[in-house]
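Look at the chain and its ligand below.

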Amino acid sequence: MESKDLFTHVGSIIASFMFIWAMFQQYFPYELRHNIEKYSQRLLVFFYPYIQITFNEFTGDRFMRSDAYSAIENYLSSRSSTQAKRLKADIVKNSNQSLVLSMDDHEEVSDEYEGIKLWWRSGKNISKSQVFSFYPVTDEKRYYKLTFHKRHRDVILGPYLTSVLKEGRAIKVRNRMRKLYTNHGSNWSHVVFEHPATFQTLAMEPEKKKEIIDDLITFSKAEDFYARIGRAWKRGYLLYGPPGTGKSTMIAAMANLLGYDLYDLELTAVKDNTELRKLLIETSSKSIIVIEDIDCSLDLTGQRRKKKEEEDGNAKDPRQKIEKEERETKNSQVTLSGLLNFIDGLWSACGGERLIVFTTNYIEKLDPALIRKGRMDKHIELSYCNYEAFAVLAKNYLNLDSHKLFERVGELLGETEITPADVAEHLMPKTVPTDVEFSLRSLIKELELAKEEAKEKAAKKEAEAEAEAVEKLLVVNEEAKEEEKEVTTTS
Ligand SMILES: Nc1ncnc2c1ncn2[C@@H]1O[C@H](COP(=O)(O)OP(=O)(O)OP(=O)(O)O)[C@@H](O)[C@H]1O
Ligand SMILES: [Mg+2]
């Protein structure tokens with residue numbers, strides 16, 4: 001028998017005596033009773049060198065489950081499945097609908113921390129409801145009881161419990177159902193986020209993919225690092241490239257990799273900077289804030305006000321002016337400085353652990369202040385499909401590692417520009433069972449067509465450039481002739 005068990009037995013014997021004592025206590029005067037109780041408690045503490053801490057499922061508010069209790073429940077789930085004999089099983093409503101085991105009531109599991117042994121016991125108190133009813137309701141109050149030797153008090157109450165709560169919360173985040181938020185004006189509403197995209201299925205060069213994954217994972221584990229260097233725990237990504245190259249898909253893969261919630265921020269629906277700040281404050285930790293097509297969301301070049309002034313000046317009719325003003329007020333008044341404040345102002349540090357992702361089709365249109373390093377730390381170009389990206393898509397869509405037509409596809413991909421979205425469309429199975437050759441031939445046909453079109457376009461452009469050059473030459477000749485004429489008439 002373990003020493004802790006022995007003490008538990010001694011404790012229960014003393015408790016039994018106390019119970020018997022309680023039976024008789026009504027016959028003793030209060031003063032004497034009080035003293036005996038006091039000394040018996042001290043005696044118990046003296047003989048029982050263990051400390052017990054109870055974590056109740058509900059504290060104070062009956063309807064709010066204690067954060068510490070649920071963190072401990074998650075922390076103990078892995079230990080319970082290997083140690084406890086009676087387990088409770090439940091389905092967690094995350095994307096995988098996984099089965100989670102936790103220990104049943106009155107089970108005990110042991111744990112070890114830096115060589116210190118300690119025990120967790122689950123239990124419940126049952127009390128009958130005070131409310132009269134034909135179907136009496138029993139009130140079950142569950143709790144976890146932690147027992148450890150008092151000589152380890154500081155370590156257990158300090159680092160051990162901190163690490164238990166941290167790990168438990170991390171497990172909870174991994175198991176939770178993730179959400180996709182969108183803003184309607186100044187409020188967020190959400191649906192369950194269930195996008196199946198992963199980095200594994202994302203078509204891009206393996207080294208580039210690995211670099212991004214490493215960057216994301218390093219970020220997600222770098223809480224202490226960010227705290228030490230005095231920076232808010234956030235990171236900005238700018239994804240740029242033509243439509244259909246996988247920017248939105250990559251954002252979904254990022255959220256799935258890190259287990260973060262997604263906040264899809266529609267800037268044009270945000271009235272002004274104050275509303276933008278309110279939305280930011282309401283976002284939770286472990287989330288990705290996304291602003292898609294940032295170049296279209298706002299006129300971030302500082303041109304807007306100038307344009308507005310010009311338009312106002314031109315509008316002579318007062319009615320026209322009012323209409324114009326109404327139109328303007330309906331549009332977003334968020335400014336570039338408001339957005340910069342949103343990204344790296346003081347407010348942005350609240351809550352921690354956030355990614356901010358911008359996407360654009362035209363990186364050159366963006367204000368350099370917006371995308372400088374420190375704001376958008378990592379710029380990722382998603383480009384047209386090359387052979388490596390095609391190989392990923394062929395594996396995903398056709399389950400093919402190689403094929404005799406791959407070589408031709410590779411050649412054509414080197415000569416023409418096609419988006420992964422277009423390639424994916426051709427590789428989509430059209431028949432059951434899948435006709436691999438048909439899919440690859442249809443892709444080759446598309447690539448040859450694209451190559452021809454590109455050739456024609458280039459030839460047309462060349463012809464236009466030539467015509468323009470000839471025209472310019474003619475104008476220059478004409479001007480020279482005019483000048484010559486002027487000189488002869490004056491002389
Ligand atoms: N790199 C890729 N890997 C895998 N699938 C891709 C990739 N790029 C595009 N696709 C496929 O094409 C579709 C469109 O891609 P996506 O919406 O991610 O493009 P986008 O870059 O966000 O385009 P836009 O600039 O128009 O928003 C996706 O549903 C996805 O299936
Ligand atoms: Mg997109």
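The paragraphs below go from the whole chain to single residues.

This is a predicted model: local features need pLDDT of at least 70, side-chain atom pairs count only at pLDDT 80 or more, and totals for chains, interfaces and linings use all residues. Residues are numbered from 1 along each chain as its sequence is written, while chains are lettered from A and ligands numbered from 1 in the order in which they are written.

The secondary structure comes to 17 helices and 13 strands. Helices (H or I, at least four residues) and strands (E, at least two) are DSSP runs, numbered from the N terminus. The chain has 491 residues, and 21% of them are buried. A residue is buried if 20 or more other C-beta atoms lie within 10 Å of its own, exposed if 12 or fewer, and partly exposed in between; C-beta atoms are placed from the backbone. Two residues are in contact if their C-beta atoms, placed in that way, lie within 7 Å. Of the contacts with a separation of 6 or more, 73% join residues 24 or more positions apart.

Now the interior. In soluble globular proteins, nonpolar side chains tend to be buried together. A nonpolar core is a set of buried Ala, Val, Leu, Ile, Met, Phe, Trp, Tyr and Cys residues joined through C-beta atoms within 7 Å. The largest one here has 55 residues, and Met-254, Ile-288, Val-290 and Val-357 touch the most other members. Helix 7 (residues 247-258) supplies the largest share, seven residues. Another core lies apart from it, with twelve residues, including Phe-55, Tyr-75, Leu-76 and Tyr-144. Take Val-357. Leaving aside neighbours within four places in sequence, Val-357 is in contact with Tyr-237, Leu-239, Ile-251, Ile-288 and Val-290.

Helix 7 also takes part in the shell around ligand 1. That shell holds 15 residues, and the closest are Ala-203, Pro-243, Gly-246, Ser-248 and Ala-421. Helix 7 and helix 16 (420-427) are the elements that give two or more residues to the shell. A residue is near the ligand if its C-beta atom, placed from the backbone, lies within 6 Å of it. By class, the shell has eight nonpolar, six polar and one charged residues. Ala, Val, Leu, Ile, Met, Phe, Trp, Tyr, Cys and Pro count as nonpolar, Asp, Glu, Lys and Arg as charged, and the others, Gly among them, as polar.

Helix 4 bends by about 35° at Tyr-160. The bend is the angle between axes fitted to the seven residues ending there and the seven starting there. Ile-156, Val-164 and Gly-168 are buried in helix 4.

His-106 sits between strand 3 (99-103) and strand 4 (108-113). Its phi is near 60°, a positive value in a residue other than glycine. Asp-293 lies between strand 11 (287-291) and helix 9 (294-297). Phi of Asp-293 is near 45°, also positive in a non-glycine residue.

Finally, Ser-297 is in helix 9. Ser-297 is buried because 20 other C-beta atoms lie within 10 Å. Ser-297 touches Leu-267, Thr-268 and Ile-291, not counting residues up to four places away in sequence.
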